[in-house]
Amino acid sequence: MLKGSGRKRRFLGYGAVNVLVTNAALQGLLLVMGTGLATFLSQLLNVGLGFVLYGKRVFRVERLQKRSAMSYAVMALCLWWCNWAGISVLARWGLSRNLAALLLIPVLAALSYTVQKLVVFRQPAVEPVLK
């Protein structure tokens with residue numbers, strides 16, 4: 001079986017766990033603090049849980065590397081900014097911040113998967129075996 005087989009399904013499954021935990025925290029935090037701090041704190045939770053789950057369980061990396069951790073951290077900062085900006089823009093358009101946060105989930109998830117696959121947990125190219 002191919003190493004990446006079922007990867008999207010695993011990403012969705014483990015991602016659902018990460019999203020539920022992170023967004024439950026975000027929803028509560030948005031009730032008691034500003035958007036910037038709420039998204040930042042929920043993103044910290046997301047980063048810690050996500051790096052391990054996605055690295056070990058989704059992309060099946062044997063050992064998590066410093067390079068991957070740094071790439072994941074940069075990706076997380078970009079996603080945090082996108083989340084903050086997206087919630088702020090949608091709220092200015094009249095949506096509640098909570099609904100805006102929920103609507104951004106699929107967009108941020110697709111972006112996250114793509115960056116993790118192509119950059120963070122990129123597998124080395126396998127040379128074809130000639131017979």
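This is a predicted model: local features need pLDDT of at least 70, side-chain atom pairs count only at pLDDT 80 or more; totals for chains, interfaces and linings use all residues.

Residues are numbered from 1 along each chain as its sequence is written, and side-chain values use heavy atoms, with hydrogens and water left out.

Pockets, then. On a 1 Å grid over the protein atoms alone, a pocket is an open set of points where a 1.4 Å probe fits, with protein on both sides within 12 Å along at least five of seven lines; lining residues have an atom within 4 Å of a point. Points are joined across faces, edges and corners, and a volume is the space filled by probe spheres set on them.

The largest pocket holds about 420 Å³. It is lined by 26 residues, and V19, N46, I105, L108 and A109 are the closest to its centre. Helices here are DSSP runs of H or I with at least four residues, numbered from the N terminus. α1 (7-32), α2 (35-58), α3 (66-92) and α5 (105-120) each supply at least two lining residues, and α1 gives the most, with 9. By class, the lining has 16 nonpolar, 10 polar and no charged residues. In this scheme Ala, Val, Leu, Ile, Met, Phe, Trp, Tyr, Cys and Pro are nonpolar, Asp, Glu, Lys and Arg are charged, and the others, Gly among them, are polar.

The second largest pocket has about 150 Å³. Of its 13 lining residues, V61, E62, R122, Q123 and P124 lie closest to the centre. Here the classes come to 4 nonpolar, 3 polar and 6 charged.

Next, T35, in helix α2. Is T35 buried or exposed? T35 counts as buried because its relative accessibility is 11%, and buried means under 20% relative accessible area with a 1.4 Å probe, protein chains only. Its side chain makes a polar contact of 2.7 Å with that of R97; the term means a pair of N or O atoms within 3.5 Å, where one must be able to donate a hydrogen and the other to accept it, and residues adjacent in sequence count only if both atoms are side-chain atoms. Leaving out residues up to four places away in sequence, T35 touches L30, W84, I87, S88 and R97, with contact meaning heavy atoms within 4.5 Å.

Last, the core. A nonpolar core is a set of buried Ala, Val, Leu, Ile, Met, Phe, Trp, Tyr and Cys residues joined through side-chain atoms within 4.5 Å. The largest one has 22 residues, and Y54, F59, Y72 and F121 have the most contacts inside it. α3 gives the most to this core, with 5 residues.

Key: Buried means under 20% relative accessible area, exposed over 50%, partly exposed in between (1.4 Å probe, protein chains only).
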